[in-house]
Amino acid sequence: QQQLVESGGGLVQPGGSLRLSCQASGFTLTYNAMRWFRQAPGKEREGISCINNGGGTTNYADSVKGRFTISRDNAKNTVYLQMNNLKPEDTAVYYCAADRNSGCPRGSVNDDGGVDRWGRGTLVTVSS
């Protein structure tokens, strides 16, 4: 069974940090660009970051740029999202997604047209 499983979410105070992981099973991520999306209560899903298959190209939404870092370890079939200086507005369910394409072009962070696998999400709550 091919699936993506996110972990690492939880409750954190403003200014704190979390590291999300996305583990793939049943398939290899080596050829896929990987994406992180989030959906806050009552809001549309938002693409926040992507990384190309080799890990050399990353892009971020303006809302998280400078605070979040996407990375991947293809040997472990895992993608990460390091989130620093978290704000209450970062509260959302975070989803990882595998793109059938290998690249992460500039301006494509919110593009889900190539996504063919989604994780079930992990909840991040930023609150004091």
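This is a predicted model: local features need pLDDT of at least 70, side-chain atom pairs count only at pLDDT 80 or more; totals for chains, interfaces and linings use all residues.
Entry 1: I looked up how the strands are arranged. I found an open sheet of 4 strands, in the order β1-β3-β8-β7, with antiparallel pairing. β1 (3-7) and β7 (68-73) are the edge strands; each has a single partner, so one side of each has no neighbour in the sheet. From one strand to the next, the twist averages 15 degrees. I reminded myself that strands of a sheet pair through backbone hydrogen bonds.

Entry 2: I then followed β7 to strand β8 (residues 78-83), and the two pair in the antiparallel sense over 6 bridges. Which residue of β8 is the bridge partner of F68? I noted M83.

**Entry 3: the aromatic pair.** I searched the whole structure for aromatic pairs and got 1. The ring centres of F37 and W118 are 4.9 Å apart and the planes stand at 50 degrees, so I wrote the pair down as tilted. Planes over 60 degrees apart would have counted as edge-to-face, and those under 30 as stacked. F37 belongs to strand β4 (residues 33-39) and W118 to strand β10 (residues 115-118), so far as the chain goes 81 residues apart.

**Entry 4: accessibility.** Is F37 buried or exposed? I have F37 as buried, at 1% relative accessibility. W118, with a relative accessible area of 32%, is partly exposed.

**Entry 5: charges over rings.** F37 came up again here: the charged end of R45 sits over its ring, 5.5 Å from the centre. I also noted R117 over the face of F27, 4.0 Å from the ring centre.

Conventions:
Residues are numbered from 1 along each chain as its sequence is written. Side-chain values use heavy atoms; hydrogens and water are left out. Two strands pair if DSSP finds at least two bridges between them. Axes are lines fitted to C-alpha atoms, for helices over the stretch in contact, and angles run from 0 to 180 degrees between N-to-C directions. Rings of Phe, Tyr and Trp (its six-membered ring) pair if their centres lie within 6.5 Å; planes under 30 degrees apart count as stacked, over 60 as edge-to-face and the rest as tilted. Buried means under 20% relative accessible area, exposed over 50%, partly exposed in between (1.4 Å probe, protein chains only). A charge sits over a ring if NZ of Lys or CZ of Arg is within 6 Å of the ring centre and within 35 degrees of the ring normal.
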